[in-house]
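Okay, thanks everyone for coming.

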Amino acid sequence: MILASWRVLAWIVRRADVVLEVVDARDPMSTRSRRLERMVNSLDKKLIIVINKSDLVPRSVVEKWKRILTDQGYNVVYMAARDHKGTRVLRKTIRMVAETSPVIVAVTGFPKTGKSTIINALKGRHSASTSPIPGSPGYTTHAQLYRIGENLYMIDTPGVIPVEGGWLESVIRGKPTEQLKDPVRPAVELLKRALKYNPSSVKDAYGIDEKDPYKILELIALKRGWRYKSDGEPLIEEAARVVIRDYHEGKLLFYVPPEEYITTRRKPR
Ligand SMILES: Nc1nc2c(ncn2[C@@H]2O[C@H](COP(=O)(O)OP(=O)(O)O)[C@@H](O)[C@H]2O)c(=O)[nH]1
Ligand SMILES: [Mg+2]
C-alpha cells in the first residue's frame, strides 16, 4: 500500500485549478481537513467541499450541513456518488467556481470518503483518457487526465489526505480493515456512537438487541460461527472488522446531527 503523504497531495493540488474536498455526510466535520483547505488557499486554487454519501442521512440533515459550511464561506455541494446522484450539480459548480477554461479538477479526501466512486461517476460515459490538455503546451505530468466535459478535465489519481483528526477516524481510515492489529477498540467506539446517535442501528444491522458493545461483538461472532479453535471463545476481532467495514459501507447506520455541531460551537452564557 502506498502511504499518503502531504508531498504527493501538494503535487496533485498544484496541478489542479479546482480541488474537491470529499467529506462524509454522516460526519462532515471530522472528515474534513483544515490543513488541506489552507494548502488549497495558499496555492491560490479553488475549493469545493463535496458532501458525499448523502443517501445515508435525511435530506434535511445534509441541507443543514450545506448551509453551515456555506455560511462559513465555502463552496459546497452534496451528492450520492455510488448512485451517480449529484454529478450534474457538481459539474455545474466546478464551472461556476473556476475562473479559467479549460478547468482541471482534483479529487481529494480522507480514505473511504468515496473519492474513487466520485472519479468513476464523473468519468461516466465521457470516459476519454487524454493528456496533455489542448491549449497548454509543455504540460508535462505523469498524472493521467480524463476529459469529463467540455473544457473540463479531471486528474485521474485521487489525492489521499493523510489521516489525522481524532483517533477513531485515524484508526478506521488509516489502514485497510484487515490490517488493523487491534480492531476491537475502534469497533467498540463505533458501536457506542451508533447506539448514541441511532439507538436502533445495531438491531437494524445485525438483529441483535443489546447495548453492551463487547456483548454485541460476541454475538456477531457467534451468529456467524466464528470461534477460536483452541477454546471455542467467540472471535470478536473478526466481528470488530465487520463492524468497521459496515460503517464504511453504511450498513451500520448513524450520523452526527448538525445541531450537535451548532450547539457545541455556541459559547455558553
Ligand atoms: N452509501 C454510499 N456509499 C458510498 C458512496 N460513495 C462511496 N461509497 C462507498 O464507500 C466506500 C469507499 O468508497 P471509495 O470510493 O473506495 O473511497 P475512497 O477510499 O475515498 O476512494 C465503498 O464501500 C463505496 O461503495 C455513496 O455515495 N453512498
Ligand atoms: Mg480510492
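This is a predicted model: local features need pLDDT of at least 70, side-chain atom pairs count only at pLDDT 80 or more; totals for chains, interfaces and linings use all residues.

Let's start with ligand 1. There are 19 residues around it, and Arg82, Gly114, Lys115, Ser116 and Thr117 come nearest; a residue counts as near when its C-beta atom, placed from the backbone, lies within 6 Å. Residues are numbered from 1 along each chain as its sequence is written, while chains are lettered from A and ligands numbered from 1 in the order in which they are written.

So which helices supply at least two residues each to the shell around ligand 1? Helix 5 (115-123) and helix 10 (236-249) do. Helix 5 gives the largest share, 3 residues. Helices and strands here are DSSP runs numbered from the N terminus, H or I with at least four residues for helices and E with at least two for strands.

For the classes, Ala, Val, Leu, Ile, Met, Phe, Trp, Tyr, Cys and Pro are nonpolar, Asp, Glu, Lys and Arg are charged, and the others, Gly among them, are polar. Domain 1 (6-160) and domain 2 (175-265) each put at least three residues into the shell, with bounds from an automatic or database domain assignment.

Now, helix 10 again, this time with its partners. Helix 7 (residues 184-197) packs on helix 10 at about 50 degrees, axes 8 Å apart. Axes are lines fitted to C-alpha atoms, for helices over the stretch in contact, and angles run from 0 to 180 degrees between N-to-C directions. That angle makes helix 7 oblique to helix 10: under 35 degrees is roughly parallel, over 145 roughly antiparallel, 65 to 115 roughly perpendicular, and the rest oblique. On the helix 7 side you have Val184, Pro186, Ala187, Leu190 and Leu191, meeting Ile236, Glu237, Ala240, Val243, Ile244 and Tyr247 of helix 10; contact is C-beta atoms, placed from the backbone, within 7 Å. By class that contact has 10 nonpolar, no polar and 1 charged residues.

Next up is helix 9 (residues 213-223), whose axis comes within 9 Å of that of helix 7, crossing at roughly 110 degrees. So helix 7 is roughly perpendicular to helix 9. Val184, Ala187, Val188, Leu191 and Lys192 of helix 7 touch Pro213, Tyr214, Ile216 and Leu217 of helix 9, giving 8 nonpolar, no polar and 1 charged residues.

Helix 9 also packs on helix 10, at about 100 degrees with axes 8 Å apart. That makes this pair roughly perpendicular.

Last, two backbone spots. The Ser101 to Pro102 peptide bond is cis, with omega near 0 degrees, and Pro102 sits in the loop between helix 4 (87-97) and strand 4 (103-109). Asp44 isn't a glycine, yet has a positive phi of about 65 degrees; look for Asp44 in the loop between helix 2 (34-42) and strand 2 (46-52).

Notes. Two residues are in contact if their C-beta atoms, placed from the backbone, lie within 7 Å.
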